[in-house]
Amino acid sequence: LLQDASNDEAKYITRFLQKTLKTGAAEKTVITALARAIVYTPPNRPDKLNMKKTLGEDKFFERCNEVEHSIKQAICECPDYEEIIRRLMVLGDNHEDLKKYCHIAVGTPLKPMLAKPTKGVHIVLQRFEGIEFTCEYKYDGERAQIHLLPDGSVKIFSRNQEDNMPKFPDVIRSLPKYLAAGTKSVVIDAEAVAFCRETNKILPFQILSTRGRKNIDEKDIKVNVAIYAFDCLFLNGVNLLQEPLTKRREALYGAFKETPGEFMFVTAKISRDVDELQVFLEDSIAENTEGLIVKTMDATYEPSKRSLNWLKLKKDYMEGCGDSLDLVPIGAFHGRGKRTGVYGAYLLACYDENTEELQSICKIGTGFSDAELASLSEALRPTAIDQPRSYFKFGESVRPDVWFDPKFVWEVKAADLSVSPTHQAAHGLVDPNKGIALRFPRFLRVREDKTPETATSAEQVADFYNAQATKQEFNGEDDEF
């Protein structure tokens, strides 16, 4: 077979046998390729014309962009490529009708809406001047998208659309008692939070992370969870995504009834008084939450988008430290001294959605306990690879001792961001020839609910840098720890 193979065929036959078919193409590439295939030879055109020649290059790529936009919209509500391709094969040039067939459906997860970070109540008031908005507590838990199907069955999905039913059998069993009369099918967005029912207190995320992930027997559960619901996306056959928050909130309150310590609506407040909102923010911190999510009342629900209609205001902003970042470990440095035998420091990267690159942003060696260094080293060793992936972008001066296949995401905090001649994060976005680096980064936790493609993006890194009160170029060593 290999003797008969031509061009790249031998390479892919070998990769198939080695189970290493991944070439680094991410979802954005797949969507772009699919759009171009549909436009190049429209399925509903029997003559199978080469549309690039028929339309001309400019018109061809304009049409490709239109189809790509339609596919992106559809995949956010209906993450099922088989269904989308099946519809495109029928619709062809009428791709605008894709949204009529590929939309939210109970039982199928959709990508969650996300919030933009902001610094300070006064900035919120400036951005939302003249617009009605509400503030909700931001709970330190795990995103849970809960579906009640017409047959009474319940499904729970993570922020990455993964099946979380094995993790929350207690929630699945209890959900029917939280339903109001007349609720037959519903999809809600919520946060699952570790909760102590004896003290009626929210527990830290680290406690929730100790709960098992699969094959959990209810009688063995030691960490109870409370569900804090904050949005209703679908109710009794009606798609609510395009409805304003006011109507979605009414639907949520009408579809469920609260059970203290088990199922509750998020604590919310509508106000434009800066002192009152500051007190509300401080109250949220006192209740063991991360801060506030600020939302405009007329905003629709935009799956997969980090919208300016949702802003997050965390405790960290009050302290002037900025937002945390979710970064991907792509390499490590061997430990020395008391860290001999484990990895002593790591090279972390952000994800560039446009180039589909993982771009280095810092070298980190602080924030780890001895136990964490041992467990992280054990988890990462099986992912070690001989050479960096072609989509890794980094400076030679930070080349690590070991490279990793990107599998994990870590939450990291830093003092600030600086322009860097070494690191490649957001390269060209704030400086034409340089990237951005984190100063004094420290490890917070592993983000099991995120994938490398949903890590902090290069555009977000640039936004964080531009949002700093004082911008300064850091020309010394980038990798402080």
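Residues are numbered from 1 along each chain as its sequence is written. In this predicted model, local features need pLDDT of at least 70 and side-chain atom pairs count only at pLDDT 80 or more, while totals for chains, interfaces and linings use all residues; side-chain values use heavy atoms, with hydrogens and water left out.

**Exercise 1. Cysteines**

Find how many disulfides the whole structure has, then look at cysteine 64.

Step 1: A disulfide is a pair of cysteine sulfur atoms within 2.5 Å. The search of the whole structure gives 0 of them.

Step 2: For cysteine 64, the nearest cysteine sulfur belongs to cysteine 102 and is 19 Å away.

Step 3: Cysteine 64 has a relative accessible area of 2%, so this residue is buried. (Buried means under 20% relative accessible area, exposed over 50%, and partly exposed in between, with a 1.4 Å probe and protein chains only.)

**Exercise 2. The largest nonpolar core**

Work out which residues have the most contacts inside the largest nonpolar core, and which element gives the largest share.

Step 1: A nonpolar core is a set of buried Ala, Val, Leu, Ile, Met, Phe, Trp, Tyr and Cys residues joined through side-chain atoms within 4.5 Å.

Step 2: The largest one holds 34 residues, and Phe133, Cys135, Tyr139, Tyr228, Leu233 and Val294 have the most contacts inside it.

Step 3: Elements giving two or more residues include helix H7 (121–127), strand E2 (133–138) and strand E7 (225–235). E7 supplies the largest share, 5 residues. (Helices, H or I of at least four residues, and strands, E of at least two, are DSSP runs numbered from the N terminus.)

Step 4: Now check Cys135: its relative accessible area is 2%, so it is buried.

Step 5: Finally, note a second, separate core of 32 residues that includes Tyr346, Leu380, Val419 and Ala425.

**Exercise 3. Positive phi**

Locate asparagine 288 and serine 304, and describe their phi values.

Step 1: Asparagine 288 sits in the loop between H11 and E11, with a positive phi near 65 degrees. At 42% relative accessibility, asparagine 288 is partly exposed.

Step 2: Serine 304 sits in the loop between E11 and E12. Its phi is positive, about 75 degrees, although serine 304 is not a glycine. At 35% relative accessibility, serine 304 is partly exposed.
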